[in-house]
Amino acid sequence: MTRECAVLLPGVCAALADPRQPGLDDTCLEKLLDWFRSLTWFDPTVELLQDNPCLTELITSVLALPDPGPSILSFTLQLAGILASSESRFQHLQEKLLERLFGQEGPRGSTAWEDASVRSAWVKGVHSMVHHQPALHFLCSTGSMDVIFALQGDPSLFVASAASQLLVHILTFSLESETSKALSAKDCDWPACAQMIVKHIKESLQSSSASHVEQSLKLLSSLFSNYFGSCYAAWTEVLWLDIAKQIESFLLEETLQAQPVLANLLLNVARSPVFCGTEGSFWALVTSALEHLTPVQAGPLAVGLLKLCKCPQDVRIQALTVLLQPMDCILRAASQPLEYAGLLDESVSDPVTVESLLSSKTSCAGLLCQTLAHLEKLLSLKHLRVDLPCVSLLRSLMTILQFCNGFLSPASPLGSTISRNLINCFRVQKSALDVLAALSVKRDCDTLIGSLFDVLLAYLHSPNTSPTVLKKTFQATSKWLVHLQELSCSSSQWQQTEKILEDVFLVLQKRLCSPCWEVRDSSLEFLTAMIKCLRDQKEFRQCLLSSEVLRLTENLLEDAESYVRASAVTAVGHLAFITCFAPESPVIGNLYNKENTVAKLQEILSTDSEGFPRRAVISIFIAWLREGCTGQLEDTEQFVSRVIQTVEHDLDWEVRLGGLELVEAFCSQTICQLSQCPYAPVSSAVTSSTPQNELLQVFCRAKLFGFLFRSLCDCDKPVGQRACDVLIGLRGHFYPTSTLENLQEIEDSPAGRGIAWLQRTLRQGSLAQNFPTDGGDGVDFQDPESMMLALGAIDLLELHDELNKSSDHVEESPQSLLQDILATVGTIEDNEVDCY
């Protein structure tokens with residue numbers, strides 16, 4: 001603690017304990033607690049209390065109040081817990097105060113205890129305190145453990161959750177001193193606090209109260225999900241052996257309401273290294289759970305088991321079967337008699353259960369959405385240790401999508417019921433399309449690709465497809481088009497590919513003219529995604545150029561909605577890779593030549609009233625530059641110069657930041673072109689060689705340095721930080737051996753005086769508009785020699801440190817916080833206070 005803070009602290013403590021003072025803002029109190037946490041974290045000694053007796057006096061004063069407010073009482077409970085977190089400070093406080101705060105004499109019987117914030121603070125205080133053995137003994141001897149057990153069922157979810165987390169902390173901490181003993185499951189002897197918790201868990205599991213059972217299951221689940229299961233293997237085994245029979249009995253109880261918690265518990269236990277073997281009763285219990293839990297309850301357990309590398313193969317297959325049952329039911333219900341084989345040879349649980357859930361309007365969509373979300377997770381895994389029946393799964397997904405848009409009329413009664421339940425169900429449509437997109441990377445679905453595109457195109461054409469579902473359909477379509485293109489390259493399916501592409505562009509033309517802006521926006525995003533993936537494919541380019549898509553996209557640059565204009569800019573920018581920048585660009589008229597496209601986008605950058613289109617333009621210009629599409633060096637130099645002169649005055653900081661990214665890319669490219677060794681710094685022997693001089697001249701002609709130095713003082717910090725990074729990178733190139741210029745030695749020259757002024761101005765953080773231009777005040781940003789001096793003499797690292805400091809590093813210091821508190825209670829003059 002600094003001397004200044006130590007002087008202010010007694011006044012703050014006196015103000016906090018004074019009931020006549022107005023209550024402080026809770027944010028102030030939280031910041032105070034954060035400060036004390038940092039002080040006690042680094043110093044476990046008792047000196048903090050001995051040097052600042054006002055802290056003990058504050059706690060005593062609050063306890064002496066006949067009716068302390070919830071805010072100050074909560075603060076005091078948390079402060080006491082923080083201070084008692086070390087054994088020496090605990091001993092210093094224990095005799096007088098801790099019993100009155102956390103023991104039977106504490107606030108538990110007062111009216112203040114009715115306030116949830118006080119109960120929460122009590123739990124937090126105890127949690128902070130339990131970091132040494134005397135604190136554990138204190139809890140066991142004062143009846144505090146019973147209070148924590150009771151708070152597990154608190155009406156406030158925050159308090160109940162905090163109490164459960166506290167019990168996990170107490171149990172794991174109480175075992176730390178026992179970990180060095182060579183323990184087996186037979187000779188474990190729980191320490192006192194741990195024994196109380198384990199006894200409470202076992203009694204609660206056998207309770208007739210459903211809420212007590214659920215609380216204990218949640219506590220067990222938290223224990224096993226914590227590091228307890230991996231760090232305390234012997235204790236884990238003992239605990240599990242004590243409760244396994246009870247857990248097994250719960251699976252057979254149809255009336256138990258805690259099945260979801262039970263599934264979560266089993267999954268967390270399965271993750272413990274104790275049960276990594278394939279033998280034993282635990283996996284038999286997991287198998288029983290997969291059979292007895294409902295499909296909705298078993299789903300999260302099944303997908304979690306499939307992610308485990310140590311799960312036995314027979315359990316893994318059973319878990320996959322649980323997830324595929326609803327999809328199998330859909331496929332079997334679609335036709336009568338059964339046209340295709342289902343996904344499963346046999347079910348884990350009774351198929352009638354799944355059929356009844358899918359037959360119900362209230363549960364059908366929920367079950368399918370959960371199942372589809374789990375399948376999407378599995379498809380995203382790099383290594384899935386079971387084989388998914390991808391062809392049947394794809395057929396089931398297509399059936400679901402056809403049920404949802406009414407394009408399939410099943411003959412079976414079950415199919416008709418499911419179809420009615422799913423018609424126009426957007427939730428299921430979106431989930432099914434997500435899984436459909438994820439399946440596009442699988443190589444064994446090729447036989448269904450024609451039918452699949454029939455379904456996708458039906459959705460793209462249908463006026464009933466909602467904008468959000470349409471967006472998902474576009475995303476799935478683009479992924480399957482990539483798969484289709486790969487397929488046609490390796491076989492004779494190019495005719496099918498060409499027909500599908502023609503159909504896609506026809507529907508895209510229609511959607512680009514939609515009256516709904518979200519649809520126009522999604523259509524443009526789809527076009528951009530296709531170009532990124534397929535622009536090198538001949539069939540794609542031919543279909544694109546023979547459609548009306550180019551003209552319609554160009555028209556949307558003037559759309560009334562700024563999001564659409566931004567997406568149109570991105571699409572036009574990527575179209576340019578085909579129409580303007582390809583080695584053999586097709587001749588398609590003056591509208592789409594390079595000069596026209598650049599001019600249109602530059603006009604948007606300088607005139608569009610919204611930030612989104614301007615950000616899109618700068619992003620496209622960066623992409624063009626990085627792909628070498630801006631021509632020879634001279635052309636690129638002029639292009640970059642024009643762009644940065646436009647963005648320098650843009651009111652949107654993200655556009656200005658994009659300008660700096662453009663400059664950075666231009667610098668990297670130019671250095672690679674003109675230096676002897678690309679991507680490598682130049683040795684000191686050639687620092688003054690022609691390439692280095694030419695580099696400086698190029699950068700000065702492009703007016704980069706004025707833009708960079710003015711950006712250092714941009715009112716938006718990310719812009720200044722990026723400019724500083726670019727300048728430091730340039731200095732590393734021109735001064736590779738850190739032999740920088742001495743500012744005082746060069747200050748006598750006219751250029752040196754200007755550089756010295758620039759250094760002082762940058763240190764003051766002057767706004768960019770105060771910078772001289774065109775040689776004013778002796779700083780010529782277009783003079784190579786002056787800029788070489790500036791790079792070598794200005795302390796850019798010091799500026800970098802300043803720019804990376806938090807803007808509140810002064811205002812939110814502990815000293816400032818204490819001053820603000822004193823100002824709030826009116827004990828110091830206004831002019832002594834920092835702006836809070």
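**Stop 1: two crossing helices**

Select residues 313–333 and 390–405: these are helices H18 and H21, packed at an angle of about 65 degrees with their axes 9 Å apart. Helices here are DSSP runs (H or I, at least four residues), numbered from the N terminus. The axes are lines fitted to C-alpha atoms over the stretch in contact, and angles run from 0 to 180 degrees between N-to-C directions. The crossing of H18 and H21 is left-handed, which means the near helix is turned anticlockwise from the far one by less than a right angle.

Now show side chains. From H18, Leu324, Met327, Ile330 and Leu331 meet a set of H21 residues that includes Leu393, Leu397, Ile400 and Phe403. Contact means heavy atoms within 4.5 Å.

A quick word on ground rules: this is a predicted model, where local features need pLDDT of at least 70, side-chain atom pairs count only at pLDDT 80 or more, and totals for chains, interfaces and linings use all residues. Residues are numbered from 1 along each chain as its sequence is written, and side-chain values use heavy atoms, with hydrogens and water left out.

**Stop 2: the core**

Next, pick Trp240, Leu305, Phe699 and Phe709, the residues with the most contacts inside the largest nonpolar core, which has 278 residues. Such a core is a set of buried Ala, Val, Leu, Ile, Met, Phe, Trp, Tyr and Cys residues joined through side-chain atoms within 4.5 Å. Buried means under 20% relative accessible area, with a 1.4 Å probe and protein chains only. Zoom in on Leu305: among the residues it touches are Leu267, Trp283, Val286 and Cys311.

**Stop 3: a histidine**

Go to His483 in helix H25, residues 467–489. Is His483 buried or exposed? It counts as buried because its relative accessibility is 4%. A polar atom of the His483 side chain lies 3.0 Å from the backbone oxygen of Ser440. Not counting residues up to four places away in sequence, His483 touches Ser440, Lys442, Arg443, Asp446 and Ile449.

**Stop 4: toward the end of the chain**

Select 784–793, helix H40, where eight of the ten residues are buried. Then try H42, residues 814–824, whose buried residues include Leu817, Leu818 and Ile821.

**Zoom out**

Finally, display everything: the protein has 42 helices and zero strands. Of its 836 residues, 53% are buried.

Note on methods. Buried means under 20% relative accessible area, exposed over 50%, partly exposed in between (1.4 Å probe, protein chains only). A polar contact is a pair of N or O atoms within 3.5 Å; within protein, one must be able to donate a hydrogen and the other to accept it, and residues adjacent in sequence count only if both atoms are side-chain atoms.
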